[in-house]
Amino acid sequence: MDATQLARWTRFAAKGGIGRGTALRDCVAEGPEDLMFMQGDEVVVLMSVAEGKYLGYCEGVVGHFQMTDVNLHGKLKKAIFTRRST
């Protein structure tokens, strides 16, 4: 992920993403695209990647995680993408 993409996801996470949750267990990143977090950390959900797999933000890092590792604080919002005029 390049710096521009990371900055966009970080701004989106600061706005709450599409939802928030609390980590149910410690998760160690097994690959460079995985999100690492500790039990009790807040995870901001950014988007769905595949069935049960999401892109999330925790402690300044963006990566993939399994939803079974996170307890959501409510329903996920539907993502709305808008195009900026240049």
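**Figure 1. Confidence of the predicted model.** The mean pLDDT of the protein is 91, and 91% of its residues reach 70 or more. The structure shown is a predicted model. Of the elements of the protein, β1 has the highest mean pLDDT, 97, and α1 the lowest, 94.

**Figure 2. The open sheet of five strands.** The strand order is β4-β3-β2-β1-β5, and the pairing is antiparallel. β4 (61–66) and β5 (70–72) are the edge strands, each pairing on one side only. On average, neighbouring strands of the sheet are turned by 45 degrees against each other, direction ignored.

**Figure 3. Pairing of β3 with β4, and the helix on the sheet.** Six bridges join strand β3 (residues 53–58) to β4 in the antiparallel sense. Lys 53 has Gln 66 of β4 as its bridge partner. Helix α1 (residues 3–14) packs on the sheet, where it touches β1 (19–23), β2 (42–50), β3 and β4. The direction of α1 makes about 120 degrees with that of β2.

Figure 4. An unreviewed UniProt entry lists residues 23–68 as "domain: SH3". In the model, residues 23–68 are 48% strand and 0% helix. The end C-alpha atoms of this span lie 9 Å apart.

**Figure 5. The largest nonpolar core.** Twelve residues make up this core. They are Ile 18, Ala 23, Cys 27, Leu 35, Phe 37, Val 43, Val 45, Tyr 54, Cys 58, Phe 65, Met 67 and Val 70. The elements giving two or more residues to the core are β2 and β3. Not counting residues up to four places away in sequence, Phe 37 touches Ala 23, Cys 27, Val 43, Cys 58, Phe 65 and Val 70, among others. The contacts of Phe 37 also include Arg 25, Asp 26 and Asp 69. A second, separate core has seven residues, among them Val 44, Leu 46, Tyr 57 and Val 62.

Figure 6. His 64 is found in strand β4. Its relative accessible area is 17%, so His 64 counts as buried, the cut-off being under 20%. Neighbours within four places in sequence aside, His 64 is in contact with Glu 33, Asp 34 and Leu 35, and also with Val 49, Lys 53, Tyr 54 and Leu 55. Two of these contacts, Leu 35 and Tyr 54, belong to the largest nonpolar core.

Key
Residues numbered from 1 in each chain as written. Predicted model: local features only at pLDDT ≥ 70, side-chain atom pairs only at ≥ 80, totals over all residues. Heavy atoms only, no water. Pairing = 2+ DSSP bridges. Helix = DSSP H or I, 4+ residues; strand = E, 2+ residues; numbered from the N terminus. Axes fitted to C-alpha atoms, helices over the stretch in contact; angles between N-to-C directions. Contact = heavy atoms within 4.5 Å. UniProt positions renumbered as here; feature names shortened; annotations may be inferred. pLDDT = per-residue confidence, 0-100. Core = buried A, V, L, I, M, F, W, Y, C linked by side-chain atoms within 4.5 Å. Buried < 20%, exposed > 50% of the residue type's maximum accessible area, 1.4 Å probe, protein only.
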